[in-house]
Amino acid sequence: MTEYPSFQFGKPRFSQDTFVGRFRHFLDVIDPTTLFVTQKQLQESVELLDAFKRGTLPPDVTDMQLWKAQKLKQAIIHPDTGEQILMPFRMSGFIPFGTPVVVGLLLPNQTLLSTIFWQWLNQSHNACVNYCNRNASKPTSASKFLQGYLGAVTSAVSIAVGLNVLIQKAERFSPASRLLIQRFIPFPAVASANVCNVVLMRHSELSEGIAVLDDDGNVVGTSKVAARHALLETALTRVVLPMPILLLPPVIMAYLEKLQVLQRRPRLVLPVHSLVCLAAFGLALPLAISLFPQMSQISVDRLEPEIAMATDLTTLTYNKGL
């Protein structure tokens, strides 16, 4: 496959049938350089894609220019609403804006208040990312967003504080062992809360359904079955996502902190910790979201009868969301 194949509007540049293809696709989606795109560059990209749809492209426009224009548009504009996603809540902003929160979650010697603060901040960021990258084929009210947000934050804080209290009361652990175990507490708290976050922030999709599309992008119907699949796939990615982020840094830092260079210069511990977290985050995000394609397919015979009667196709497509 050439680096820039013949352009296909609305289609990924890389094959979505393989994990490697999805991984390369999502490296484009989370590319932080798209955060620095100006409004003029975005408008030029949108106009170029509109010209392609109308069949009025200038003859000197290349496939590379079209793929790059589509990459910018997809990184910034929501596919369902057509609105720009705020910078901290784009997938391309997840790592730059989320890494400081991860560092805070993994700081040693956490107090009750600091545990509550970092879990609240993490789930607040996650809630906004989930909401801004949801399937928005059906509108969601502000009250449902608030209910989901409060439920997600409450679950995260409750789990993290509960695990911390249990460890503090476990007298059979030595102080050193207790400190090491505390470093791993964020993972079960964050993983379980991430699932709650996705379900609570997007629960309206379960009750109202999401749009299922034909090969041309036309809406065939609204399916609650597809919505369940979309939320399940997204929830699984949110369990996998924190694994490298919250499990690798404690192991790596436990080793690095024994090195003489860090023992002689304790001020370097936090910067090194931050770099380790950034590297783990940069690895974890594309791996997790590459588990499933964003535009997933589902067999028509698994959908509601009225949808099956409305089309002759065997498979339909739905936006899983990110």
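The structure holds six aromatic pairs. Phe7 and Trp67 are both buried. Through ring pairs, Phe7 and Trp67 also belong to a cluster with Phe52. A further edge-to-face pair is made by Phe117 and Trp118, whose ring centres are 5.0 Å apart and whose planes stand at 75°. Phe117 is partly exposed, with a relative accessibility of 40%.

The mean pLDDT of the chain is 81, and 91% of the residues score at least 70. Helix H2 (residues 39-54) has the highest confidence, at a mean of 91, while helix H7 (residues 175-184) has the lowest, at 63. Where pLDDT is low, the predicted coordinates should not be read in detail.

The cysteines were examined next. A disulfide is a covalent bond between the sulfur atoms of two cysteines. Zero disulfides were found in a search of the whole structure. For Cys128, the closest cysteine sulfur is that of Cys132, at 6.2 Å, which is too far for a bond; the cut-off for a disulfide is 2.5 Å. Seen from Cys132, the closest cysteine sulfur is likewise that of Cys128, at 6.2 Å. Cys132 is buried, because its relative accessible area of 18% falls under the 20% limit.

At the N-terminal end, H10 is capped by Ser223, which places a side-chain oxygen 3.2 Å from the backbone nitrogen of Val225. Val225 is itself one of the buried residues of H10. The other buried positions in the helix include Ala226, Ala227, Ala230, Leu231 and Ala235, together with Glu233, Thr234, Thr237 and Arg238. An α-helix has 3.6 residues a turn, so residues three or four places apart point the same way.

Conventions:
Residues numbered from 1 in each chain as written. Predicted model: local features only at pLDDT ≥ 70, side-chain atom pairs only at ≥ 80, totals over all residues. Heavy atoms only, no water. Buried < 20%, exposed > 50% of the residue type's maximum accessible area, 1.4 Å probe, protein only. Helix = DSSP H or I, 4+ residues; strand = E, 2+ residues; numbered from the N terminus. Polar contact = N/O pair within 3.5 Å; in protein donor to acceptor, adjacent residues only side chain to side chain. pLDDT = per-residue confidence, 0-100. Phe/Tyr/Trp six-rings, centres within 6.5 Å; stacked < 30°, edge-to-face > 60°.
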